[in-house]
Amino acid sequence: MLRYSDTLEGLRTRLQSLPVPGDEHAFFNHVVIDSRQVTSGDLFVALRGERNEGYRFIPQAIERGATGIITDSLPEKMPSDGATTVFLVDNSLAALQQLAKFWRSKHNVIVIGITGSVGKT
């Protein structure tokens, strides 16, 4: 689980404003980039894509139970359920990368990479 305070610390140089509402004791179950995979308590990262802008799926993510959103743009009609914390950042992809780097630095694990274009699945 990812605590609200860890999220805030991990995103500190990317935040454009303080998150609202912001429950310091909250935590997120998973970090998700596909709104269709969001479950209750997840942190949804709205990424820009080739065909769609991730921020357009924020309402669906909240509807599915996201309690946190990382985004660099807000939809015209932003749902306000009072239970979802929005982290407005300068660049969602860079923020996700920074949060991942922060999270990995908190854990003493060996990281390996497998390269190539055939036979990894």
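The model is predicted, so to speak of local features a pLDDT of at least 70 is needed, side-chain atom pairs count only at pLDDT 80 or more, and totals for chains, interfaces and linings use all residues. Residues are numbered from 1 along each chain as its sequence is written, and side-chain values use heavy atoms, with hydrogens and water left out.

To start with the overall fold, the protein has three helices and six strands, with helices (H or I, at least four residues) and strands (E, at least two) taken as DSSP runs and numbered from the N terminus. Read from the N terminus on, the elements run β-α-β-β-β-α-β-β-α. The radius of gyration is 15 Å, close to the 14 Å that the globule rule gives for 121 residues, so the protein is as compact as a globular protein of that length. Here the radius is taken over C-alpha atoms, and the globule rule is 2.2 Å times the number of residues to the power 0.38. Along the principal axes, the C-alpha trace spans about 45 × 35 × 25 Å.

Among contacts (heavy atoms within 4.5 Å) with a separation of 6 or more, residues 24 or more positions apart account for 52%.

Next come the aromatic rings. Rings of Phe, Tyr and Trp (its six-membered ring) pair if their centres lie within 6.5 Å, and planes under 30 degrees apart count as stacked, over 60 as edge-to-face and the rest as tilted. By this rule there are two aromatic pairs. One of them joins Y4 and F87 in a tilted arrangement, 5.8 Å centre to centre with 40 degrees between the planes. That pair links distant parts of the chain, with Y4 in helix α1 and F87 in strand β6 (residues 85-88), 83 residues apart. The rings of F28 and F87 sit with their centres 6.3 Å apart and their planes at 75 degrees, so this pair is edge-to-face. F28 lies in strand β2 (residues 27-28) and F87 in strand β6, so parts 59 residues apart in sequence are tied together. Put together, Y4, F28 and F87 form one aromatic cluster. Y4 is buried, F28 is buried at 1% relative accessibility, and F87 is buried at 0%.

T7, also in helix α1, is buried with a relative accessible area of 0%. Leaving aside neighbours within four places in sequence, T7 is in contact with L2, F28, L43, F87 and L99. F102, in helix α3, counts as buried at 13%. Not counting residues up to four places away in sequence, F102 touches D6, E9 and G10.

Charged side chains are up next. A search of the whole structure finds six salt bridges, each a side-chain nitrogen of Lys or Arg within 4 Å of a carboxyl oxygen of Asp or Glu. In one of them D6 pairs with K106, the closest N and O atoms being 3.6 Å apart. This pair links distant parts of the chain, with D6 in helix α1 (residues 4-11) and K106 in the segment after α3, 100 residues apart. D6 is buried at 4% relative accessible area, whereas K106 is partly exposed at 43%. Another salt bridge joins R36 and D34 (2.9 Å, N to O), and R36 counts as exposed at 63%. R48 and E53 meet in a further one (3.0 Å, N to O). Salt bridges that share partners also join R3, D6 and K106 into one network.

Finally, there is a nonpolar patch on the surface: I110, I112 and I114, with about 430 Å² of accessible area together. Patches are made of residues with over 30% relative accessible area and no salt bridge, with like charges joined within 9 Å and nonpolar side chains (Val, Leu, Ile, Met, Phe, Trp, Tyr) within 5 Å. I112 is found in the segment after α3 (92-105) and, at 71% relative accessibility, counts as exposed.

Key
Accessible areas come from the Shrake-Rupley method with a 1.4 Å probe; for residues, only the protein chains shown count as cover. Buried means under 20% relative accessible area, exposed over 50%, partly exposed in between (1.4 Å probe, protein chains only).
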